[in-house]
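I opened my notebook to look up a few features of one protein model.

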Amino acid sequence: MEELQKLLYKYLNEKMIQMIISNPRNRKEAVKISLRPILIKGDLAFQESIYQDKKVFHRNYTQKEAIREIIEQMELYRQFEIFSQIGQATVLISKKGKITIKEKTCTNCKKEMNLSHNRKKNYILNPEIKVEFLVDLGVQTKEGKIVQAKYDKFRQMNRFLEFIEDILPQLPKEQKITILDFGCGKSYLTFAMYYYLKELKDYQVHIIGLDIKEDVIETCNRLAEKYGYKDLEFYVGDIAQYEGVSQVDMVVTLHACDTATDYALDKAIRWGAKVILSVPCCQHELNGQIKNELLAPVFSYGLIKERISALFTDALRAQILESKGYQVQILEFIDMEHTPKNILIRAIKKGKEKDSKGYRDIMEFLQVSPTLALLQDEKKE
């Protein structure tokens, strides 16, 4: 114990980068606890972040309080890791309480520390720069400050732009690219895409927003005209019936309800879109179809059946896209803390079509016929 205390006094100072307490002995405990040094009114403190039940709880301690807290966690966790500018240490605790300490020089840890209490995240949209569409959409005040109640929306917009930033190499910069946003709604993300690609990245873009609500589309067109966004247009229309373009480079669909996502993905495949970014919503279709004798006891729980059906809906969509030559990732769009509709399907056109046997075997096993599969079968006929 004395050896551990000496170690903690050695590392818990302004040169510490982070400490991670992990591998709990009991499932009831937090999955992970981390500590980092901060300055509060000029005094050194240590902020503890407790990751439990998809939430994060914060507490601040003095050095002595932090060391006492860490020692108390010894009985509950198997491993501590400390990263510092002076080195790196790992502490392992056995069932019988035996402590093993390993130290080594951390060659990559020499970096300037930011000890501010609230470190600023580097958002793509700078929260300190006034942007007209953010003001008109109620995300910023007239003075250019983010409205507190809209911070989740602001984070969501930036997260989406991060996904776009990742796929920029797939979009040609020497020619105008066409982007179609199905179910654009109030068009927070549509305006953000245009501003990011056109104003910040200097891409030639033609962005089309489509929604069934006439009043919303009228407002969006008025705002686009107000800002001089000549290559941003909005139309009233249904995803399934839209035929306004013959070629599209990127298709975006955010929270298109239930099978509306399938119609958007079908359109994207038919156009041969280079990039697809889709955040599905309300995946009810398979919940009314899914059947399997082996899984019947599991499906007897309504909530479990609903969630499994939603996950299989998006998994099958991903597999169908894979069969059409897309490289597909299923990603977390935004933390569950902010929205439960947090799965993003990102698909990038990479090659030739593949055998569809894999997803068709799953469809047969679950006795389901998802709309996207039916639409693609119609294409072959």
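**Entry 1**

I kept in mind that the model is predicted. What covers them?

Is Lys-64 buried or exposed? I read a relative accessible area of 58%, so Lys-64 is exposed. I also checked how far Lys-64 lies from Asp-181. The two are 117 residues apart in sequence, and their C-alpha atoms are 54 Å apart in space.

**Entry 1: H1 against H2**

I turned to the packing of H1 on H2. I noted first how such a pair is described: by the angle between the two axes and the distance between the axes. H1 covers residues 2-11 and H2 covers residues 63-72. Their angle is about 140°, and their axes are 10 Å apart. That makes H1 oblique to H2. The cut-off matters here, because roughly antiparallel needs an angle over 145 degrees. I noted the crossing of H1 and H2 as right-handed.

Which residues meet? From H1 I listed Leu-4, Gln-5, Leu-8 and Tyr-9. From H2 I listed Gln-63, Lys-64, Ile-67, Ile-70 and Ile-71. The residues of this contact of H1 with H2 divide into six nonpolar, two polar and one charged.

An α-helix has 3.6 residues a turn, so residues three or four places apart point the same way.

**Entry 2: H9 against H10**

I looked up another helix pair. H9 spans residues 302-323, and H10 spans residues 357-366. The angle is about 150° and the axes are 9 Å apart. H9 and H10 are therefore roughly antiparallel to each other. H9 brings Phe-312, Leu-316, Gln-319, Ile-320 and Ser-323 to the contact. H10 brings Tyr-359, Ile-362, Met-363 and Leu-366.

**Entry 3: H4 against H5**

At what angle do H4 and H5 pack? I found about 50°, with the axes 10 Å apart. That makes H4 oblique to H5. Their crossing is right-handed. On the H4 side I wrote down Lys-153, Gln-156, Met-157, Phe-160, Leu-161, Ile-164 and Glu-165. On the H5 side I wrote down Tyr-188, Leu-189, Ala-192, Met-193, Tyr-196 and Leu-197. The residues of this contact of H4 with H5 divide into 10 nonpolar, one polar and two charged.

I stayed with H5, residues 188-200, to look at Thr-190. Thr-190 has a relative accessible area of 0%, so Thr-190 is buried. Which residues does Thr-190 touch, not counting those up to four places away in sequence? I listed Asp-181, Cys-184, Ile-207, Leu-232 and Phe-234.

**Entry 4: a loop glycine**

Gly-138 sits in the loop between helix H3 (132-136) and helix H4 (151-167). Its relative accessible area is 27%, so Gly-138 is partly exposed. Leaving aside neighbours within four places in sequence, I found Gly-138 in contact with Val-147 and Lys-150. Gly-138 and Ala-149 are 11 residues apart along the chain, with their C-alpha atoms separated by 9.6 Å.

**Entry 5: two positive phi values**

Most residues other than glycine have a negative phi. I then found His-255 with phi near 60°, a positive value. His-255 has its place in strand S11, residues 250-257. Its relative accessible area is 26%, so His-255 is partly exposed.

Asp-258 has a positive phi too, near 50°. Asp-258 lies in the loop between S11 and helix H7 (260-271). Is Asp-258 buried or exposed? At 18% relative accessibility, Asp-258 counts as buried, because buried means under 20%.

**Entry 6: the whole chain**

I ended with the totals. I counted 11 helices and 14 strands in the protein chain. Of its 381 residues, 47% are buried. The C-alpha atoms fill a box of roughly 75 × 60 × 35 Å along the principal axes. The chain exposes about 20,700 Å², and carbon and sulfur atoms supply 48% of it.

Definitions and conventions
Residues are numbered from 1 along each chain as its sequence is written. This is a predicted model: local features need pLDDT of at least 70, side-chain atom pairs count only at pLDDT 80 or more; totals for chains, interfaces and linings use all residues. Side-chain values use heavy atoms; hydrogens and water are left out. Axes are lines fitted to C-alpha atoms, for helices over the stretch in contact, and angles run from 0 to 180 degrees between N-to-C directions. Helices (H or I, at least four residues) and strands (E, at least two) are DSSP runs, numbered from the N terminus. Angles under 35 degrees count as roughly parallel, over 145 as roughly antiparallel, 65 to 115 as roughly perpendicular and the rest as oblique. A crossing is left-handed if the near helix is turned anticlockwise from the far one by less than a right angle, and right-handed if clockwise. Contact means heavy atoms within 4.5 Å. Ala, Val, Leu, Ile, Met, Phe, Trp, Tyr, Cys and Pro count as nonpolar, Asp, Glu, Lys and Arg as charged, and the others, Gly among them, as polar. Buried means under 20% relative accessible area, exposed over 50%, partly exposed in between (1.4 Å probe, protein chains only). Accessible areas come from the Shrake-Rupley method with a 1.4 Å probe; for residues, only the protein chains shown count as cover.
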